[in-house]
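Subject: Structure handover

Hello,

Please find the structure below. My notes on what turned up in it follow.

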Amino acid sequence: MTPPPRPLIAIPARFAVSTSALRHSAEIVARALVEAVWRAGGEPVALHPHAPYGSADPALVADRLTRFDGVVLPGGDELPPARYGKAPSHGGRHDADAEQDGFDLAVAHHVLRTELPLLAICRGLQTVNVALGGTLREHQAGWRREHRNLVHQVSVQPATLLELTVGTQVVTASCFHRQYVDRVGAGLSVTARASDGTREALELPSRRGWFAGVQWHPEHTARHDPAQQALFEAFVRAAGTGR
């Protein structure tokens, strides 16, 4: 008996100056992320982030996403403050490519207008927050809430999609970020926090389509942490059923 086709999962690629296997610059998707989606039963597909001059054509983005059953907005470099109406602060660092920023924001806007299942990770969560009118707090020199290269515990709000998905109110999260959510975007609710108060997860309670945004990187530990892999399984399952 032929197994059912895997749900197609779109993952915007990340620009890289170089990789160990290539002599040139590249567009990449983290292997750990691809494997987590694959283990969950999805078919991961990298998308070229096409957004000339930092702005993507909404109609073209919509057309490109028509064939997919779900979208993962992955981690990456920081969104510059201009994308959420702020001036850069002293000591801020912004390495992201304008084309990357424009494409990710266009994808977020399109997916949020539809019921397409969405899993937003780290920068992906920040992108969704900005797309809904929220803002971010930049990394400041001497900022005591350092979440870069940090594995720590996160408290999950009860009776949320996140708690239902991971099956616990405390998860161990692998974080790698300087920026974090400041003003929460319209309609979003905070569903997890770190001990220092950092907003670690967001949901859209009014949205019919499956959506979870986490500030940490579940793919880093999903292979050996069932709670993290459960995020990918719930997302792919929703992609397979269309809700």
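**Salt bridges across the sequence**

Lys 86 is partly exposed, with a relative accessible area of 34%. On this scale buried means under 20% relative accessible area, exposed means over 50%, and partly exposed lies in between (1.4 Å probe, protein chains only).

Two notes on the source. This is a predicted model, where local features need pLDDT of at least 70 and side-chain atom pairs count only at pLDDT 80 or more, while totals for chains, interfaces and linings use all residues. Residues are numbered from 1 along each chain as its sequence is written, and side-chain values use heavy atoms, with hydrogens and water left out.

Back to Lys 86. Its salt-bridge partner is Asp 182, with the closest N and O atoms 3.2 Å apart. A salt bridge here is a side-chain nitrogen of Lys or Arg within 4 Å of a carboxyl oxygen of Asp or Glu. Asp 182 lies in the loop between E10 and strand E11 (189-194), and Lys 86 in the loop between E5 and H3, so the pair ties together parts that are 96 residues apart in sequence. Helices (H or I, at least four residues) and strands (E, at least two) are DSSP runs, numbered from the N terminus.

The count comes to 8 salt bridges. One of them joins Glu 35 and Arg 223, closest N and O atoms 3.0 Å apart. Glu 35 sits in helix H1 (residues 31-39) and Arg 223 in the loop between helix H6 (218-221) and H7, so this bridge links parts 188 residues apart in sequence. Glu 35 is partly exposed at 25% relative accessibility. Arg 223 is exposed at 58%.

Glu 78 and Arg 178 form another, at 3.4 Å between the closest N and O atoms. Glu 78 is in the loop between strand E5 (70-73) and helix H3 (98-113); Arg 178 is in the loop between strand E9 (170-177) and strand E10 (180-181), so parts 100 residues apart in sequence are tied together. Glu 78 is buried at 10%. Arg 178 is buried too, at 15%.

**A buried helix**

Helix H4 (residues 123-131) has 9 of its 9 residues buried, so the rest of the structure largely encloses it. Among them are Arg 123, Gln 126 and Asn 129. Gly 133 follows H4 and has a positive phi, near 90°.

**Rings**

The whole structure holds 1 aromatic pair. Trp 210 and Phe 235 form it, tilted, at 5.9 Å centre to centre and 50° between the planes. Rings of Phe, Tyr and Trp (its six-membered ring) pair if their centres lie within 6.5 Å; planes under 30 degrees apart are stacked, over 60 edge-to-face, and the rest tilted. Trp 210 is buried at 10% relative accessible area. Phe 235 is buried at 0%.

Arg 6 has its charged end over the ring of Trp 38, 3.5 Å from the centre. The rule: NZ of Lys or CZ of Arg within 6 Å of the ring centre and within 35 degrees of the ring normal.

**Positive phi**

Most residues other than glycine have a negative phi. Tyr 53 has a positive phi, near 60°. Tyr 53 is in the loop between strand E4 (43-47) and helix H2 (58-65) and is exposed at 87%. Ala 159 also has a positive phi, of about 60°. Ala 159 lies in the loop between strand E8 (147-156) and helix H5 (161-166) and is exposed at 78%.

Best wishes
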